[in-house]
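Biologist: I have a model open and want to go through the packing with you. Let's start with the aromatic rings.

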Amino acid sequence: MCGIALIISGIRFDLSSLLLDTTLPVTNSDQLEFTVADLAAALRRRGPDSLGAKKLLLHSSGSEIVSGVEEEFSNCLSAANGRTPCMHFFGATLQLRGVNPVVQPLIDSSKNVLVYNGEIFGGIEIASEENDGEVLMGLLGGCEGRVPNVVSRIKGPWAIIYWQESSRTLWFGRDAFGRRSLLVHWPTVEDSRFLLSSVSPVASNERSSAENGTTKLGFWEELPCGIYSVSIDAPDGDGSLVGEVKKHEWTNAMLEELIKWERTSVEPKPKEVHISRCETVRGQHDMNSLTSDIVPMPSKSGNIQASISVPAEAVLIALRESVLRRSSLHRIFQAGMHDVEKNLVPVAVLFSGGLDSMIIAALLHECLDPSYEIDLLNVSFDGQSAPDRISAKAGVSELRRIAPLRKWKLVEIDADLSNLTFETKRVLSLINPANTYMDLNIGIALWLAAGGDGWVYEENSKYNDENRQGVKYKSKARIVLVGSGADEQCAGYGRHRTKYRSGSWLRLHEEMKLDMQRIWKRNLGRDDRCIADTGKEARFPFLDEDVIRTLLGIPLWEVANLDQPSGIGDKKILREVAELLGLHEAATLPKRAIQFGTRIARESNRKNFGSNRAANQASAGSVVIHKQLDMA
C-alpha cells in the first residue's frame, strides 16, 4: 500500500470533455483547508517505509513548454498556492515487492515522473525479485504515449499518477473496480488548483458542512474508475498554460466485459432449475486434491462427501488462485532481511467468523507455508457478547479442527465508542467524501480491526471464561485479506431478496450489477483509506479479475437461490465452496454487516440519537454527520 498525491497550480484547466465545467481562469485562490505538510503526514501513515516528493516546474517559451524538476524535499513541501505553473508529486511507500528499497516519486532519464499505489498480480510479468512500480515505470517510459494500453493490462488493484515528458501529458486514474482510493479536487473558480490524493488530510474534511439538512459539496470527490489525461499546452503565446482533461477507454476486451458485468444465464427455464437441483457431485472426487492438507470433516448429516454443484468447484479453484496471488511470500518485500523472522506473520484476515472470512482463512492456510502463524483480526464494541465475537470464536474452533497443525491466532480487539473521540475525528477524515453515520461506523470498525491491537488468549480458553489467560498483542502483518465483493456478486444483501421477490431473476441481476458498478464509490475507496491508514495493505480475493469472470460465467440460479431461507439460498455458491473446504458450520451462517456484528451501530445510535428506537425512526445509517454531534 502506498499513498500518492499531486497538486497542480498556475495552470488553467479545460474540463469540458468531462461535462464538469468550462475552462477556468487562474486566480489568486483561497488557501487550502490543509497544509502540504498535513497531506504528507496523511500519506506517510499509508506508506511508512519512505516518503518522497518532486516538484515539476513548467513555463512556456513561445509555443514550447519547458520543464524542470526540483529534487529538494523541503522545497517540495513549500506552499503550492502561487501562480507559477508547477506540479507537486508526493509518494509514500509501504513496500511489499522487490529486493531493494524503493522511494517514490520515481523519475527516469527522460524526466518522466511516476507515483504508483497498487499491486500487479497478472497481465504484466513481474519477476520475484522485481518491484512492480519500477517495472511499470519502464513499460510506461517505452510506450510512446499508449498509456491506456499499458495500464489496461494490469490484473490487480492500482491508482496511478504519471507525467509523460515527451508529450507534456499528465496521466492519472484507478483500476476498473476502484480497489485503490484516489480522490480528486477539480479546479473551481474559488480554488483553481487541481489535486489528486489517496486520502483526505484531517483538516480538509472541515470544509464539508451540513446546514438545514443539506450537505454542501465537499472539497474532495471519489475519482470515478478509469484512465484520464491532462495535455498541457500554451495556445495563446502569452506564457499562460492550459490543461485539457480527457477520459480514455480501456483497451482490454476482457476487462471491458467485466465492467459491463453481464451474465449470459440470468433467467432459468423450468427444466434448467430442475437439472441444477439434481446435477450434483456425490463422492466422486478426490477431496484431498481440492483441499490440500485440510482435514475433511463430516457434515451435520455425517456425510463427508456432501452433494456439491460443479460450478462451486470452479469458484473454489479461482478463489484459491486469488488468495495464492495475494499471499505468495516471493511477492512480499524482504529487503534487509537475511533470514525471514521465525515469528513473522506476513498476512492477516479481517475476521468475523462469517462465511466470507472463513473461506478466506481456510484458503490462506492452504496457500501459506505451515510454519507461519495466521492472525485473525476481530473487533467488538460489546466485549464477548457481540455477534461477531461469538461467531469468531466458533470459527477459529472450526479452523483448528480442519487445520490442526496451523497456529491460528484470534486477535480480540475490544473498543468503547465513548473513548474514541480522537480516533473518530481521524476516521471522519479517512471516510471523506463519504459522510454518513453508517460510513463512519464501518470506517471505525475497519480502522480498529486493521490496526490489530488487541488480546490473544490460550487456544483452550472458553470465550465466557472470566479467568482466561490473555496477552497483549499487536499484529505486525502488513497485508490484510478482506471479504469485500462477496455479497455484491453472490446476492448476500437483504435488498437482493427484496428485488428477487418483486421482479424475479432479472431484477435480482440488475440490482447485483448496480452494486458491482458502484462498489468503488460506496465501499472500496472508504475501506482502502481506513485500512491503509494503519500501515497495512487491504487485498480483496473476491474482487480478483478471474474470480469475477468465473462467477459471471455461472448461471445466476447456481449463484443464489433466494426461494430458500437466509443462510441457505443467499450466496449459495459460496456455501458450497465452504462445504468443499470442510467448513460445514460456517456454510450455514447468515449474512451480518460489520456495523451490526461488532455492535458499533448500536453504540453509535445511543450516543448520537439517544436510543436505538430514535435512531431507527431517523434512519440513522443514512443520516449525514453533523460535526457538533459527532465531536460532542
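Biologist: Which residues do ring pairs link into a cluster?
Modeller: F13, F172, W186, F194 and Y228 are linked that way. Two rings of Phe, Tyr or Trp (its six-membered ring) pair if their centres lie within 6.5 Å; planes under 30 degrees apart are stacked, over 60 edge-to-face, and the rest tilted.

Biologist: Before we go on, what are the ground rules?
Modeller: This is a predicted model, where local features need pLDDT of at least 70 and side-chain atom pairs pLDDT 80 or more, while totals for chains, interfaces and linings use all residues. Residues are numbered from 1 along each chain as its sequence is written, and side-chain values use heavy atoms, leaving out hydrogens and water.

Biologist: How many aromatic pairs does the structure hold?
Modeller: There are 11 aromatic pairs. One of them is W158 with W250: the ring centres are 6.0 Å apart and the planes stand at 75°, so this pair is edge-to-face.

Biologist: Where do those two sit in the chain?
Modeller: W158 is in strand β8 (residues 158–164), and W250 is in the loop between β16 (242–248) and α5 (253–260). The two are 92 residues apart, so the pair links distant parts of the chain. Strands here are DSSP runs of E with at least two residues, helices are runs of H or I with at least four, and both are numbered from the N terminus.

Biologist: Is W158 buried or exposed?
Modeller: W158 is buried, at 2% relative accessibility. W250 also counts as buried, at 13%. The cut-offs on relative accessible area are under 20% for buried, over 50% for exposed and partly exposed in between, with a 1.4 Å probe and protein chains only.

Biologist: Which ring has the charged end of R495 over it?
Modeller: The ring of Y493, with the charged end of R495 4.3 Å from its centre. The criterion is NZ of Lys or CZ of Arg within 6 Å of the ring centre and within 35 degrees of the ring normal.

Biologist: Cavities next. How many are there of 30 Å³ or more?
Modeller: The count is 8. A cavity is a set of points on a 1 Å grid over the protein atoms alone where a 1.4 Å probe fits but cannot get out, and lining residues have an atom within 4 Å of a point. Points are joined across faces, edges and corners, and volume is the space filled by probe spheres set on them.

Biologist: What lines the largest cavity?
Modeller: That cavity holds about 140 Å³ and is lined by 17 residues, with C2, T93, Y116, N131 and D132 nearest its centre. The elements giving two or more residues to the lining are β7 (113–118) and α3 (132–141).

Biologist: What is the lining by class?
Modeller: It has 7 nonpolar, 6 polar and 4 charged residues. Nonpolar covers Ala, Val, Leu, Ile, Met, Phe, Trp, Tyr, Cys and Pro, charged covers Asp, Glu, Lys and Arg, and the others, Gly among them, are polar.

Biologist: Backbone now. Where are cis peptide bonds?
Modeller: One joins Q104 and P105, with omega about -5°; P105 is in the loop between β5 (86–93) and β6 (106–107). Another joins N432 and P433, with omega about 20°, and P433 is in the loop between α11 (421–431) and α12 (437–451).

Biologist: What is phi of K571?
Modeller: Phi of K571 is near 55°, a positive value in a residue other than glycine. K571 sits in the loop between α17 (556–559) and α18 (572–580) and is buried at 3% relative accessibility. K111 also has a positive phi, near 70°; K111 lies in the loop between β6 and β7 and is partly exposed, at 33%.

Biologist: Last one: how many residues of α9 are buried?
Modeller: 13 of the 13, so α9 is largely enclosed by the rest of the structure. Helix α9 (residues 355–367) reaches 19 Å from its first C-alpha to its last, close to the 18 Å expected at 1.5 Å a residue. That expected span is 1.5 Å times one less than the number of residues.

Definitions and conventions:
On a 1 Å grid over the protein atoms alone, a cavity is a set of points where a 1.4 Å probe fits but cannot get out, and a pocket is an open set with protein on both sides within 12 Å along at least five of seven lines; lining residues have an atom within 4 Å of a point.
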